[in-house]
Amino acid sequence: MGRRVGLEVSLACAEAVGLCNVDVIAAYPITPQTHIVEHLSELVADGHLDAEFVPVESEHSAMSACVGSSAAGARTFTSTSSQGLALMHEILFIASALRLPIVMAVANRSLSGPISIWNDHSDIMAERDIGWIQTFAENGQEVVDLTLHAFKVAEDSRVCLPMAVNLDGFNLTHVIEPMELPDQEQVDAYLPPFKPSQRLDTAAPISMGMVGVPEVYTEAKKACLEALENSYPVIVEHWKGLAEQFGREYKPIETYRTDDAELLFVTMGSMGETVMSAVDQMRDDGQKVGVVRIRLWRPFPVDDFMNAIAGAKVLAVIDRALSPGVPAGPVATELRGMLYTKDDRPYVADFVCGLSGRDVTRSQFTEMAAQAKEAASSGKEMFCQMVGVKE
Amino acid sequence: MADEGMTPWKDLALGCAMTEPGSSRRFNTGDWRSRRRPVTDREKCIKCGLCWIICPDMAYSPDPEDEGFYNWDSFYCKGCGICLEECPKDAISWQEEREEDKYGPACGS
Amino acid sequence: MISAAEALKDFKKITPKTIPLVEPFSKGHRACQGCGEVLALRLVAKAVGMDMIAVSATGCMEIISSPYPQTAWEVPWIHVAFENAAAVASGIEAGRKAMIRKGIIKDDGAKIVAFAGDGATADIGLQALSGALERGHDFTYICLDNEAYMNTGIQRSSSTPYGAMTTTSPPGKVSKGQMTWKKNVPMIAAAHNIPYVATASPAWHVDLMNKVKKAVSIPGPAYIHIFSPCPTGWRCPPETSIETARKVVQSKVFPLYEVIDGRYVLTRDIKKPIPVEEYLKTQRRFSHLKEEDIAYIQKRVDGEWDRLLKLVQVTNEEA
């Protein structure tokens, strides 16, 4: 019936992967992902998990080995952060183009330079277009549940796409949280064995990764685009299944105190919990504010998002990465694009904060709300601010 | 005309894989030959099989009707001349070939 | 893990009369006329047979064998990127190992074979190769060496021989062209202490096929380096590919040998070598070389041959 543990989130992630009975883990260590792969090595070494742990010599080879393993029909997992994710870059596109259900936990960490081991979303924001399904976990329990969910969705024959579960480096990976770890029977009931519809098999030879001549490339990409879009109902379906099996419900977009909110924060990842706490404070002060938390990032659940923000006049988007040369962070830029065609769209203020793990306090969020409201009412052009820069 | 032979996106295999092994067999590489083709004098041929094994395009195959000899395939031979060069008995020589004679069907595939 | 010597105890050689008829690599591929590399690939495929899972790096062989929808592969095949054939092969091997052990699939005895050019091996792919060899995956890595990045238009690689003209090492007024010596990848592979390493030339096709057959029957990693003449890049007539592959061995420029459990075994002792000039003059990529360049090449080739003989001697004494 599951057991309640106080466990470092990295280790819980590894436990979840273990419960999913993966066949292959090909990974290269990088702070702050290390505890995930170290614990997985232990699970394999102690015989708790029957898998091949491939200690590859770089992240590029990690993702390459994952492609090979998944193409052979094996349930495959890897994990990385920051520079490691960047090093995998060219292969990430290929993994989704080949429709391989690799699951990857990304322990979000700032991209160099300067080199930084601390948390922000610059690593994953540089990988928006890789064609993977992407989710963001807000706490340790979510990391566990989203990991189970990832295998189920990725390997579903209606999907067949790789999936990245994002968890904030250090802020999640290295904190000990109370969580419920499901037991093996529950996971087995939720997640069936991987049955690929095609694989590298001498009994049915296929050629994977052919030259995409101009006569086929567009159609090949269209097929992948449709696959990513059409994964949405499957993602939601398997979250419902997770609720039935484990009693915890997840939605693509989560709302907190949004009902009569005039201003809504928009967050992704663990910072959402701090913002919820800040919202509670602001509510006590009589402010009509709330939070919208994006759990499903790709494919972006536009309708769910629009429903969640309905009625709000101002959005204060929390970006945890920069998009240099564009006058706003990546999340705000995308949301503004989606809102462009909507009547009655809110004022979108953008705040880039928490770069490289810098703390963002509740009073700073209160300050941001005030700034956003002020900018909106004064008719200022769409607003983007790097928070807390020492001038 | 431009989209002749193109596949509708829904009909592509998963990940744009090719599920028919050896589909290149339909490609007429024999068209690449220019003005000449190799011809074997079976009187000189000692059935060593070198032409068969040394051809990068597998344009020779065992003659099912005359064991030990090899049939040449006009559909695939690119006219590189390696067989000519390597035949230990100089049994293979060039023969002038008209453009219209190049287009033979694939045989022995 | 058993040694190569043990695994080869009951090895049945391929002879000129027993060359396998099977063609896991199909006709209709788009290699150039007289391509020595595709011939080498064909021979490798015949030696391995239909129980093969092939991995290709980006390069000539990948491009000519897979322009959608025409695939020349009759066996399961995957191409991912340029520098990672060894890493992809590692993943396939690990996946199959796990699935077989867990009873998810049957052990069908399929052999995993990675194909990569000299660029994909000696340069951009060296890391992945080293990692795969060090980890001891059960697979065979075939380097098809046409001595330059041919697919992108004849640019130099670290496997381009001294003095060769390429588009990025052209001889000119202030440069003689390729001024570094060919990187010795077979010996780099041997330094990983893998059970089997070999060099081969398509001019000795039975020897080539036997080396491949040995490689796939030995558990653990095996590396085979195959000299692959490229008439297009080397500027020589297409019909001379085999002759070139013969002269390169007869001049001692490309010695044929095996390294079995660390023991060097000479395949052909060249008792009456031809001068390197006999080999160099067959290809216009060397036509700009002066007497002193050829003398230098002869000297180094002789020196490396002597060193190889010493390696043969020393490693067989150790055994």
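User: At what angle do the axes of helix α9 and helix α12 of chain A cross?

Analyst: Please keep in mind that this is a predicted model. To read a crossing, look at the two axes and the angle between them. Here the axes of α9 (residues 271–284) and α12 (residues 362–377) of chain A come within 9 Å and cross at roughly 65°. Angles of 65 to 115 degrees count as roughly perpendicular, and therefore α9(A) is roughly perpendicular to α12(A). The crossing of these helices, α9(A) and α12(A), is right-handed.

User: Which residues of α9(A) and α12(A) meet?

Analyst: From α9(A) come T274(A), V275(A), S277(A), A278(A), Q281(A) and M282(A), and they meet R362(A), F365(A), T366(A) and A369(A) of α12(A). Sorted by class, the residues of this contact are five nonpolar, four polar and one charged.

User: How many residues does each chain give to the contact between chain C and chain A?

Analyst: A contact between chains can be read from each side in turn. In this case 40 residues come from chain C and 40 residues from chain A. On the side of chain C, the elements giving two or more residues are β2 (77–79), α4 (85–101) and α6 (126–135), with the largest share, 13 residues, coming from α4(C). That side of chain C has 22 nonpolar, 10 polar and eight charged residues.

User: How does strand β9 of chain A run relative to β2(C), parallel or antiparallel?

Analyst: Strand β9 of chain A (residues 207–208) and β2(C) run parallel and are joined by two bridges. Within β2(C), W77(C) is the bridge partner of S207(A).

Methods: Residues numbered from 1 in each chain as written. Chains lettered and ligands numbered in written order. Predicted model: local features only at pLDDT ≥ 70, side-chain atom pairs only at ≥ 80, totals over all residues. Contact = placed C-beta atoms within 7 Å. Helix = DSSP H or I, 4+ residues; strand = E, 2+ residues; numbered from the N terminus. Nonpolar A, V, L, I, M, F, W, Y, C, P; charged D, E, K, R; others polar. Pairing = 2+ DSSP bridges. Axes fitted to C-alpha atoms, helices over the stretch in contact; angles between N-to-C directions. Parallel < 35°, antiparallel > 145°, perpendicular 65-115°, else oblique. Left-handed = near helix turned anticlockwise from the far one by under 90°.
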